[in-house]
Amino acid sequence: MAAPLLSLKAVTVDFDGFKALNSLGLSLESGSLTAVIGPNGAGKSTMCDAMIGRVRLTAGQILFRGEDISRLPEHTIVARGICRKFQTPGVLVGLSVFDNIAIASGDRRWLRSFGLKPDAQTKIKVEETLALIGLQDRREVLAGELSHGEKQWLEIGMVVATGCELLLLDEPTAGMGASETRRTADIIRNLVGDRTILVIDHDIDFVEQLGGHVVVMHQGAVFTEGTLADVRNNEDVASIYLGRPRG
Amino acid sequence: MTSASPKTLITGLLFLLAAAAPFLLAPYELNLLGRFLALSLTAMGLVIIWGEGGVLSLGQGVFFGLGGYAIAMHLKLASLSGGDTMPDFMVWTGLKALPGWWGPFANPVVAIAAVVLAPALVAAVFSWLMFRRRIGGVYFALITQALALAFSTLLISQQAYTGGFNGLTDFKTLFGLRLSKPLMTHGLYWVTLALVALALIAGRLLLASRFGKLLRATRDGANRVRFLGYDPAPYKIVAFTLAAVLTGLSGALFTLHAGVISPALVGVVPSIEMVIWVALGGRTSLAGAIAGALLVNFAKDKISTILPTFWLYVLGALFILAVTAAPKGLAGLFPERGAGAFRLPWLKTKVGA
């Protein structure tokens, strides 16, 4: 078996004595789709924070393509190939939908940023991404004026446009209705293959629509993993969600 | 995009009108207009770093002073009469010879280069130290304010080298021509107007470029930009440095028009006033900033002539009015992007992080 794309090895993040991540171990295979679920405070978002360098590890290692990335600056981690969508959509409200994606896909060097028009390559990338998230007709709209659902899709598009291999999608359906949720699942399923995707979500119907591997987190570590059916049939999982002691 | 919109047309006409000002205005009014146009360069700098970059600087007086003093040092040396080897205030404070670092400023080219390079260098080093360490927001504003205070205190305390509290004044010639000649006053006015027009055009292009978009992006979502793989620091450093260069030019031109530069023009209070011009004119609009600088300063001149103590109250009231009722300033009263009529700012809430 090939080495995993990403592996967390005994990752611990300690916030003044509270272990948000407690010797967490997790591996993601290249091209896989993984959904992470778990009760509030299980450490799901902190795990994403650790992967993108937003919080620093108290102990452990995060290996991406075999290299420890846990001490790299944030923007360097993106350059290595990991990008994250935040729980609250972090679209750039003062720019158009087109420009949001153009910034996500463009050259990172500031000396190359004085051009007035996006280059042909960026334009193609933006158009591809717009088609992927279904916002072709909204390209000139300011991102701040989009609906909540559209902002979520735009941010997914931005993350995709970075060209990163590993995409972390933190609650992509937060605040969405049923039909928007289904569309989000379609968008994400279309991304798998070339990319490796990790989704955090509370909505079990959505996780079912996605398919893929399911990881349950609890108290900063992996509680169990498997198919959604495995997880559903696990009585211990139900008990951690309901706060009952495990029998 | 570059086809003439009504706004561009009006701006162009206003500049043509301003170019004819030497034939329309009395010398005193023309001098005031020249001074205030010079100040509008400072205001445009603040649009770049504060309005678009989201970084409030309460220390622009430092760069204004660096530009002003650089040209003033040359003017002092160029105005020396006959056998004098150093300016009058140095003689009075008991200096025996001209300090070595004053010497090169006898050359106008060195002085003009210093007008641009001194603020650029100070701004680049200072902002590099700040933005590398991710110091921003209110901390950055306070540190810049402290810098303005330190700079004006330094100028006052080093009387033998800087002219102290009185600053540098009593200039007579530039490039061998007498400053009081109409040719010179008109020429200076046109140079100022041309630089303002150039800054307006260059600023518009900069803000329309990818750089400008990234600057706005770091303002609206520094974290989003960082986690898209950008280091936001270089964009802020470049913007801060460009603003400092504009402010340095502004200080030098102001000094030429006003005939004086002193610590009272570069300290904490003037630095805050600069921000108020921009808040009133519209902090995301270059043209609005020019209007703000001109209107506030003309109002200041008129009101403080009639009622000297009253001006600060008026300024305070205007500032409160702008912050509460028109956050986009004067420029916010005009429709943007061809979208409908007036936008009522209090109906629009800011979304996102």
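Me: Why is F175(B) called exposed?

Reply: In this predicted model, F175(B) has 9 other C-beta atoms within 10 Å. The cut-off for exposed is 12 or fewer, so F175(B) counts as exposed.

Me: Where does F175(B) lie, and what makes its phi worth a look?

Reply: F175(B) sits in the loop between β2 (173–174) and β3 (177–178) of chain B. Its phi is positive, about 50 degrees, although F175(B) is not a glycine. Most residues other than glycine have a negative phi.

Me: Which residue of chain A has a positive phi without being a glycine?

Reply: One such residue is R65(A), with phi near 50 degrees. R65(A) is placed in the loop between β4 and β5 of chain A. These two strands form a hairpin with two residues between them.

Me: Is R65(A) buried, exposed or partly exposed, and how do you know?

Reply: Around R65(A) there are 14 other C-beta atoms within 10 Å. Buried would need 20 or more, and exposed would need 12 or fewer. The count for R65(A) falls in between, so R65(A) is called partly exposed.

Me: How do you know that β4(A) and β5(A) pair?

Reply: Pairing needs at least two bridges between the strands. Strand β4 (residues 59–64) of chain A and β5(A) have two bridges, in the antiparallel sense, so they count as a pair. In β5(A), E67(A) is the bridge partner of F64(A), and D68(A) is the bridge partner of L63(A).

Me: What makes β1(A) and β4(A) a pair?

Reply: Five bridges join β1(A) to β4(A), and these strands run antiparallel. At least two bridges are required, so β1(A) and β4(A) pair. Within β4(A), A59(A) stands opposite T12(A).

Me: Why are β2 and β5 of chain A said to stand at the edges?

Reply: The open sheet has four strands in the order β2-β1-β4-β5 (chain A), with antiparallel pairing. β2 (18–28) and β5 (67–68) of chain A each have a single partner strand, so one side of each lacks a neighbour in the sheet. Helix α1 (residues 44–51) of chain A packs on this sheet and touches β1 (6–15), β2 and β4 of chain A. The direction of α1(A) makes about 70 degrees with that of β2(A).

Me: Why is chain A called as compact as a globular protein of its length?

Reply: The radius of gyration of chain A is 18 Å, and the globule rule gives 18 Å for 247 residues; the two values are close, so the description applies. Chain A has nine helices and ten strands, and 47% of its 247 residues count as buried.

Me: How many residues does each chain give to the contact between them?

Reply: Chain A gives 28 residues and chain B gives 25 residues. On the side of chain A that touches chain B, α2 (74–80), β6 (82–85) and α3 (97–105) of chain A each give two or more residues. The largest share, four residues, comes from α2(A). That side of chain A divides into 15 nonpolar, nine polar and four charged residues.

Me: What confidence values does the predictor give for the complex and for chain B?

Reply: The complex has an ipTM of 0.89 and a pTM of 0.91. Chain B averages a pLDDT of 90, with 93% of the residues scoring at least 70.

Me: Where in chain B does pLDDT stay under 50?

Reply: Residues 337–353 of chain B stay under 50. Where pLDDT is low, the predicted coordinates should not be read in detail.

Conventions
Residues are numbered from 1 along each chain as its sequence is written. Chains are lettered from A and ligands numbered from 1 in the order in which they are written. This is a predicted model: local features need pLDDT of at least 70, side-chain atom pairs count only at pLDDT 80 or more; totals for chains, interfaces and linings use all residues. Two residues are in contact if their C-beta atoms, placed from the backbone, lie within 7 Å. Ala, Val, Leu, Ile, Met, Phe, Trp, Tyr, Cys and Pro count as nonpolar, Asp, Glu, Lys and Arg as charged, and the others, Gly among them, as polar. pLDDT is the predictor's confidence in each residue, from 0 to 100. Axes are lines fitted to C-alpha atoms, for helices over the stretch in contact, and angles run from 0 to 180 degrees between N-to-C directions. The radius of gyration is taken over C-alpha atoms; the globule rule is 2.2 Å times the number of residues to the power 0.38.
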